[in-house]
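Dear colleague,

I am handing over the structure below, together with notes on what was found in it. Please read the notes with the structure open beside them.

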Amino acid sequence: MKQHLTVVVVEQNQERAFAIVDALKESGDVEVFVIGNVSGLARKIATHGPDIVLIDIDNPSRDMLEELTVASGPLERPVAMFVSGAAGGLAKAAVEAGVSAYVVDGLQAERIKPVIDTAIARFQVLRQMRTELAETRRALEERKVIDRAKGLLMKAKGVSEDEAYALLRKTAMNQNRRVADVAEALVTASGLLS
Amino acid sequence: MRTVALPVAYMPLVDAAPLIVAREMGFDHAEGISLDLRPAPSWSSLRDMLAFGHVDAAHLLSPVPVAMALGLGGIATPLSAVSVLSLNGNVIGVGSQLAERLADQGYDFDFSDAAAAGAALAKAAGDVLVFGVPFPFSMHVELLRYWVAGTGLASKQVEIRTVPPPLMAQALAGGEIDAFCVGEPWGSFAVDDNVGALLLPGKAIWTCAPEKVLAVRNHWAENEPHLLGALMRAVWRAGRWLSNADSRTTASEMLSRKTYLNVSPELIDRALMGEFTISARGEQRRVKGFVEFYDGAATFPWRSQAKWIAHQLALRNGIDVSTAERQAARVFRSDLYRRELFGLGAETPGASEKLEGALPVSTAVASTNGSLILPPNVFFDRRIFEPTG
């Protein structure tokens, strides 16, 4: 008989947590707990007595989990790091997808695999969404700086918006830099001079 | 000249300065490489980035590669510490309540006498004292344990908990920890945040503690000797540049940038200049050489430093001490340091081991150019470490 697995997911963002929980539930007989607030992380994890703990690789609280892997008493040691096990390839894939898994000592690799595989797939999607969001934000920021630089040029040289942009682009090409960088330099310089 | 991009991970701390300076001052390009610096959110994440090949080198806590070689704490990818990045640079601080009780006792916060500070703290603290540190394998833990064992604090129940450095002030305010040992600027950050006072610089416990190392995978070091050499030379030059007092204001400015530490340059100045504000009342203390990146062969990876770390780890984890010391000595690569920095004007000592804790005053020693002066190397309890392995 296959016993069910208890999984703890450390994730502050509720929507992301739900997405992970749903995916994990579909992967088999698992009970999932979510810890959102990381204060007293070790204690909270211990009360659930999980077989696996999943945490975002970019979460600074991960270091608190490391403590559990080296704590002295066997009862205080609910988790040992997954990557110490034989399934090295799985660990590398997990790290690449942005998830870290901590697994209780002695759990067979074949039982962990479906859960980790699901988590990897889910984290990959989430990571991509986050990268895209960050990209969009950056593009918006750059847009704003370029607009300000254009405004400065229009005022200083009495040129049209198109001419101002053309000037920025030409300078960027000549100097082998990005338009956004040239714009930022101009905005900074004008801030210093004003 | 075309440069080879080299991904390197670091933690946003003052002692990541040699890597940041190597990049910002172009010491990397001069060696034909281009440092692609990647900040890590946690030490475990940084270690994994290095172990699984996402980066080729990293700014790492000196005990981590030693612990990994001893089979402690998970991942077992063999790592080499090819040079020490910095000596010292930690501070010990206490929460506001403890600071008040210490002041009520008449303690003068001299910021230099570790024995007196330990005795005073033992008197002011309750039965249980909880310290926050950044990582289970760190010089912070080793210094704290060494200090606790040698003072009145040994009679207390001392717990050491892991708290990520940027969250240290918050944990102190929330009462999760009573005190901490952390790298700058996070100690000064807690003072400015009005949640605690600084008690000691790490240097007061051991004057020559190797704090961070430049770590690479053994496998990479063997396969990419040219890149390794370029990296080591760029970082060594950055350390030399940092040792110049005139460079430090510029360095604070560089480190403070949003892409690196993202805190005010004034906060970083304190560690680089060794001028601290230790309490919310604005009391000032000076620490000469609070963090060292170059002078006195600071970057030489002494095998005896690795042995000291292994000795402490082995005693606590029930491992055979002399075996552990022998294994650890292979992690600190004084051989690679000599090979790659030869001919640069780097002062390399004649020996690869020294008696840690045995130099009460600055002392000239045998070296390549004959002009190497080692700084004082003492533990606060004046003990001398003699390796058994």
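The model is a predicted one, in which local features need pLDDT of at least 70 and side-chain atom pairs count only at pLDDT 80 or more, while totals for chains, interfaces and linings use all residues. Residues are numbered from 1 along each chain as its sequence is written, chains are lettered from A and ligands numbered from 1 in the order in which they are written, and side-chain values use heavy atoms, with hydrogens and water left out.

Chain A has seven helices and five strands, and from the N terminus its elements run β-α-β-α-β-α-β-α-β-α-α-α. Of its 194 residues, 40% count as buried, where buried means under 20% relative accessible area, exposed over 50% and partly exposed in between (1.4 Å probe, protein chains only). Among contacts (heavy atoms within 4.5 Å) in chain A between residues at least 6 apart in sequence, 64% join residues at least 24 apart.

One residue to look at in this chain is Tyr165(A), which is found in helix α6, residues 161-175. Tyr165(A) is partly exposed, with a relative accessible area of 27%, and, if residues up to four places away in sequence are not counted, it touches Ile146(A), Lys150(A) and Val179(A).

In chain B, helix α5 (residues 96-104) holds the buried residues Leu98(B), Ala99(B) and Leu102(B). Seen down the axis of α5(B), these buried residues fall within an arc of 100° (taken from the directions from the helix axis to the C-beta atoms), so they line one face of the helix. They pack against β5 (90-95), α6 (114-124), β6 (128-133) and β9 (196-201) of chain B, whereas Gln97(B), Glu100(B) and Asp104(B), on the other side of α5(B), are exposed. Just after α5(B), Gly106(B) takes a positive phi of about 90°.

A nonpolar core is a set of buried Ala, Val, Leu, Ile, Met, Phe, Trp, Tyr and Cys residues joined through side-chain atoms within 4.5 Å. The largest has 158 residues, of which Leu121(B), Trp147(B), Leu199(B) and Leu231(B) touch the most other members, and helix α11 (residues 225-243) of chain B gives the most to this core, with 11 residues. Apart from it lies another core, of 23 residues, among them Leu5(A), Val9(A), Val103(A) and Ala119(A).

Points are joined across faces, edges and corners, and a volume is the space filled by probe spheres set on them.

The second largest pocket has a volume of about 800 Å³, and of its 14 lining residues, Arg138(A), Glu184(A), Arg257(B), Lys258(B) and Thr259(B) lie nearest its centre. Helix α5(A) gives the most to this lining, with four residues.

With best wishes

Note on methods. Helices (H or I, at least four residues) and strands (E, at least two) are DSSP runs, numbered from the N terminus. On a 1 Å grid over the protein atoms alone, a cavity is a set of points where a 1.4 Å probe fits but cannot get out, and a pocket is an open set with protein on both sides within 12 Å along at least five of seven lines; lining residues have an atom within 4 Å of a point.
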